[in-house]
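Below is a briefing on one protein model, written for a reader who works with coordinates. It covers the sheet, the aromatic pairs and the charges over rings.

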Amino acid sequence: MAQASKKPRAPSPLEAIAALKAELAAGRLPRAVLLKGEEHWLRDESAKACAQAAAARGLESCRHDTRDPDFRPQHLFDELLAPPMFAAARAIFVREAGPLLKKEDPDEAAFARCAIAHLESEKEGFLLVEAEGLRVDSRLAKAVLACGGLVLDCRKLYDSPPPWKPDPRETELAQWTMARARHHALKASAEECVWIAAACGNDLGAIDAALLRAKARGPEGLKAAVGWSSGASPFVLAEDCARGDAKACLAGIEALFRHGFRGSDGEREVDRHALSAVLFGALRGKLRQACAGSSALERGASPTVAAESAGVPPNPRAREEFEARVRLRTAAAWRAQLEDLAKLERRSRSGAEIDAAEWTAFALRHRREGVARPR
């Protein structure tokens, strides 16, 4: 029997953008580019490269940004359908197009219809549509691919090493930071680049600015020039709290309540009530999984059955975290930790201030020895 062919690996954001820039440098401007994903810096860099290539071709540049108070959807629709006035063809850039693609928005159908008609027409030109939540299975994405265009996923770069290769210098984020340091002719070791990435958080714009500050300050010392501004991930902190890793918990709680965390929209959340609400939700889910999984294991179930009964997603990282976590306590101990969390959450809903000190006390009540994870 013939062996089933392996599904080709999807290119990373850095690989996809490098391929796009190579095409543009060779003088090949695609009919359309669709940029999706959470990383604003990658989307901005791709859009900038496309704008330069379109200008070099002499295309009439038409820019629309839904964040602009003067943005008018009808002006955009007219430019998508009407012939250009000042050049042979147009380059139309639609930035932050998310509001135009929401189903409840009355302009959504009009924008998709006009954009698809523009792509299917025989006139020359270029169209770039960019937003975080664009769907690759949407009618617009299919039309972009059908006309020979590109769909690029500008997701956040991976900042945690996989269990089978735990070297933090090998993550996508660390590798990108090293490449940007070389780009800016900044002498920085791999370890210093890892520190900068951690200090700035998974924010490419902040890391790039930090590298430029370090270069401007000269030999004063890279860490002194950059400073620590990163918050913490409430989801990583929830895993550390569940496992009882007190050292990681205390560092994570301080970073989270001092600097907040950056949401998928790129905005930093620093409100204490909002931070606690996200942490409650993340930790509650992990403890419920552990309760159900531990009970199943004590009844003789296999780890796979225990994970399925606990509702753990089937992706490898979630299963590995669950299997490492669930055996750390008995089912009774997991229930006690969950009940303690429920008391803390009830206090927060009755008006009590749940701050870093309260979370620190919770972490210390449920700490365990020898449970630290590779960082």
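Are Phe280 and Trp359 buried or exposed? Both Phe280 and Trp359 are buried (under 20% relative accessible area, with exposed meaning over 50% and partly exposed in between, for a 1.4 Å probe and protein chains only).

The model is predicted: local features need pLDDT of at least 70 and side-chain atom pairs count only at pLDDT 80 or more, while totals for chains, interfaces and linings use all residues. Residues are numbered from 1 along each chain as its sequence is written, and side-chain values use heavy atoms, with hydrogens and water left out.

**Sheet**

- Five strands make up an open sheet with parallel pairing, in the order E2-E3-E4-E1-E5; two strands pair if DSSP finds at least two bridges between them.
- Strand E2 (60-65) and strand E5 (150-153) are at the edges with a single partner strand each, so one side of each has no neighbour in the sheet.
- Helices (H or I, at least four residues) and strands (E, at least two) are DSSP runs, numbered from the N terminus.
- Neighbouring strands of this sheet are turned by 10 degrees against each other on average, direction ignored; axes are lines fitted to C-alpha atoms, for helices over the stretch in contact, and angles run from 0 to 180 degrees between N-to-C directions.
- Five bridges pair strand E3 (residues 90-95) with strand E4 (residues 125-130) in the parallel sense.
- Within E4, Leu127 stands opposite Ile92.
- Helix H2 (residues 40-56) packs on the sheet and touches strand E1 (32-36), E2, E3, E4 and E5, where contact means heavy atoms within 4.5 Å; the direction of H2 makes about 165 degrees with that of E3.

**Aromatic pairs**

- There are four aromatic pairs, counted for rings of Phe, Tyr and Trp (its six-membered ring) with centres within 6.5 Å; planes under 30 degrees apart are stacked, over 60 edge-to-face and the rest tilted.
- Trp41 and Trp176 form an edge-to-face pair, because their ring centres are 5.1 Å apart and their planes at 80 degrees.
- Trp41 belongs to helix H2 and Trp176 to helix H6 (residues 172-183), so this pair ties together parts 135 residues apart in sequence.
- Trp41 is buried at a relative accessible area of 15%, and Trp176 is buried at 5%.
- The Phe280 and Trp359 rings, with centres 4.8 Å apart and planes at 50 degrees, are therefore a tilted pair.
- Phe280 in helix H12 (residues 272-298) and Trp359 in helix H16 (residues 356-365) are 79 residues apart.
- Phe280, Trp359 and Phe362 are linked into a cluster by ring pairs.

**Charges over rings**

- Arg63 lies over the face of Phe93, 4.9 Å from the ring centre; the rule asks for NZ of Lys or CZ of Arg within 6 Å of the ring centre and within 35 degrees of the ring normal.
- Arg329 has its charged end over the ring of Trp334, at 5.2 Å from its centre.
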